[in-house]
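Reader: I want to go through this fold and test each label against its definition. Can you take my questions one at a time?

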Amino acid sequence: MKRFHVHVNVDQLDASIRFYTTLFGTGPTVVKDDYAKWMLDDPRVNFAISQRGRQAGIDHLGLQADDTGELNAIGDRLLQADAVALAEKATTCCYARSDKFWAEDPQGVRWETFHTFGDATTYTAPSASDACCGPAAPAPAASCCGPSSSSCC
């Protein structure tokens, strides 16, 4: 069974950990100096936050496959649709070792499909750029929705 994945860039990691711990009713399963992750079963989601100098907000969405076969099935669909922006094998990102397919939807939202097969002691591989996690993020769009907005989408 696949698990939905959400990765949010945050400005204040400690405050964000407190907020999401309250929201989910449980603490993170992984905490690092610049990163936290909740592996939730209700809802079935891999929710991660990081404070790495990027614009605050949604970084990317994704599907986490339970095994290589499940990942390859997703990757095959994306390849047939000519939607793969980047394929990575045995990459280190977000304190994990994974195989991945990155895609972008028509609105520019980045999607990561991946199978994790091990932990890593660093956010990225020592030889990788600090901007791990797929192709470069698109420029943020202006938001029209939310409590402080005068209009809503």
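Reader: Across which strands does α1 lie, and what is its angle to β3?
Author: α1 lies across β1, β2, β3 and β4, and runs at about 10° to β3. Axes are lines fitted to C-alpha atoms, for helices over the stretch in contact, and angles run from 0 to 180 degrees between N-to-C directions. Helix α2 (residues 68-80) packs on the sheet too, touching β5 (57-64), β6, β7 and β8 (110-119). The direction of α2 makes about 20° with that of β7.

Reader: What kind of model is this?
Author: This is a predicted model; local features need pLDDT of at least 70, side-chain atom pairs count only at pLDDT 80 or more, and totals for chains, interfaces and linings use all residues. Residues are numbered from 1 along each chain as its sequence is written, and side-chain values use heavy atoms, with hydrogens and water left out.

Reader: What makes α1 a helix, and what is its span?
Author: Helices are DSSP runs of H or I with at least four residues, strands are runs of E with at least two, and both are numbered from the N terminus. Helix α1 covers residues 13-24, which is 12 residues. The expected span is 1.5 Å times one less than the number of residues. α1 reaches 16 Å from its first C-alpha to its last, close to the 16 Å expected.

Reader: Which residues of α1 are called buried?
Author: Leu13, Ser16, Ile17 and Tyr20. Buried means under 20% relative accessible area, exposed over 50%, and partly exposed in between (1.4 Å probe, protein chains only).

Reader: What do the buried residues of α1 pack against?
Author: They pack against β1 (3-9), β2 (30-32), β3 (35-41) and β4 (44-50). Contact means heavy atoms within 4.5 Å.

Reader: Why is Gln12 called exposed?
Author: Its relative accessibility is 55%, so Gln12 counts as exposed. Gln12 is in the loop between β1 and α1.

Reader: How do you know which strands pair?
Author: Two strands pair if DSSP finds at least two bridges between them. β1 and β4 have 6 bridges and pair in the parallel sense. β3 and β4 have 7 bridges and run antiparallel. Asp41 has Arg44 of β4 as its bridge partner.

Reader: What makes β2 and β6 edge strands?
Author: The 8 strands form an open sheet in the order β2-β3-β4-β1-β5-β8-β7-β6, with mixed pairing. β2 and β6 (84-93) each pair on one side only, and these are the edge strands. The twist averages 20° from one strand to the next. β6 is joined by 7 bridges to β7 (residues 96-104), running antiparallel.

Reader: What counts as a nonpolar core, and which residues touch the most other members of the largest one?
Author: A nonpolar core is a set of buried Ala, Val, Leu, Ile, Met, Phe, Trp, Tyr and Cys residues joined through side-chain atoms within 4.5 Å. The largest has 13 residues, of which Val6, Val8, Ile17, Tyr20, Trp38, Phe47 and Ile49 touch the most other members. β1, α1, β3 and β4 each give two or more residues to this core. β4 itself is mostly covered, with 6 of its 7 residues buried.
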